[in-house]
Amino acid sequence: MSDDAPREAIGPRTWLLYAFATTILWGVWGAFTGLSAERGFPETLVYCVWSVTMIPPALYALARAGWRLDRDLRSVVYGLIIGLLGAGGQMVLFCAVTTGPAYLIFPVISLSPIVTIAMSYVLLGERTNIVGATGILLALLALPLFDFSPQGLSESNGPGEGGGLGWFLLSLIVMVCWGVQAFFMKLANRTMSAESIFFYMMVTGLLLAPVAWAMTDFARPVNWGADGPYLAAGIQLLNAIGALTLVYAFRYGQAIVVSPLTNAGAPLMTAVISLVAVGTLPGQLKLVGLVLACIAALLLALAPDGETRTDAETKPTAF
């Protein structure tokens, strides 16, 4: 598809609808995703189940688009880059959490929107007004507060606990992978259909499933019951559908706005669900993060639309 293909108008603020859909889906997913590991189903096997749950939404999206799949070299390369950066980052994360403290690893990874924003600003020329810029800043400030644990830090032997600083380098790799992935998700949406992007994401996720299987410690008991792989499938399907709506959000909106909004909004939704389900208030830092995320989400939602058109040649079908 040519970059100068004809353009057609779409509904106003379509990106926001998809971004909020991703926020809700990932928020619910985040609130319950830990259940699988708690019930004896390893994270590596959860990844395998997740890769399978990507198939239904991928096929649904392609069917809605008339089974049109972009097969040109550029589209295939973009699709594989996006998929490998996402799934590959997850593989690196498995290694990171076995060598370092999770309460420091996840705050580092949560800053991946910084990479997306920087690349989109410099390479794609995306801009926003003062409202959007303020929302981006507040979202970036809120993200690390959701996972950082000063209690865990005080109880550890220091930041180098568990294998020196290897975990920190691995965390940076994951952060860069997921930040670059979001950038390419936006870049690819300029020349190929969102349905094709998600299809290639599904393919690469499945290709790396054997790696996750091989990383599983089968010396430990694995829960193969209904609350093992089947529960994981139900939970991970939310993640998969949220990934599809995220692709559509990047299709219609600016990456510098979509990325921080979804990354800050999902933990916010998770915290609210956990509060209702468990009935306990979050810690002080997390509470500050929640307030910042609320303000950030509001400001980003009020930011002007950066893109309100899509290529007529691909005609992405609404999910």
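**Close-up 1. Arg-127 lies over the face of Tyr-121, 3.6 Å from the ring centre.** A charge counts as sitting over a ring if NZ of Lys or CZ of Arg is within 6 Å of the ring centre and within 35 degrees of the ring normal. This is a predicted model, in which local features need pLDDT of at least 70 and side-chain atom pairs count only at pLDDT 80 or more, while totals for chains, interfaces and linings use all residues. Residues are numbered from 1 along each chain as its sequence is written, and side-chain values use heavy atoms, with hydrogens and water left out.

**Close-up 2. Phe-199 and Tyr-200 form an edge-to-face aromatic pair.** The ring centres are 5.7 Å apart, with 75° between the planes. Rings of Phe, Tyr and Trp (its six-membered ring) pair if their centres lie within 6.5 Å; planes under 30 degrees apart count as stacked, over 60 as edge-to-face and the rest as tilted. Phe-199 and Tyr-200 are both buried (under 20% relative accessible area; exposed is over 50% and partly exposed in between, with a 1.4 Å probe and protein chains only). The whole structure holds 11 aromatic pairs.

**Close-up 3. Trp-213 and Trp-224 form a tilted pair.** Their ring centres are 6.3 Å apart and their planes meet at 40°, so the pair counts as tilted. Trp-213 belongs to helix α12 (residues 209-214), and Trp-224, 11 residues away, to the loop between α12 and α13 (226-252). Helices (H or I, at least four residues) and strands (E, at least two) are DSSP runs, numbered from the N terminus. Trp-213 has a relative accessible area of 44% and is therefore partly exposed; Trp-224, at 47%, is also partly exposed.

Close-up 4. On a 1 Å grid over the protein atoms alone, a pocket is an open set of points with protein on both sides within 12 Å along at least five of seven lines, and lining residues have an atom within 4 Å of a point. The lining includes Ala-37, Phe-94, Met-215, Asp-217 and Arg-220. Helices α3 (43-53) and α5 (73-99) each give two or more residues to this lining.

**Close-up 5. Leu-275 sits in helix α14 (residues 255-278).** Its relative accessibility of 34% makes Leu-275 partly exposed. Leu-275 and Ala-31 are 244 residues apart in sequence, and their C-alpha atoms are 9.7 Å apart in space.

Terms used: 1 Å grid on protein atoms, 1.4 Å probe; cavity = no way out; pocket = protein on both sides within 12 Å on 5 of 7 lines; lining within 4 Å.
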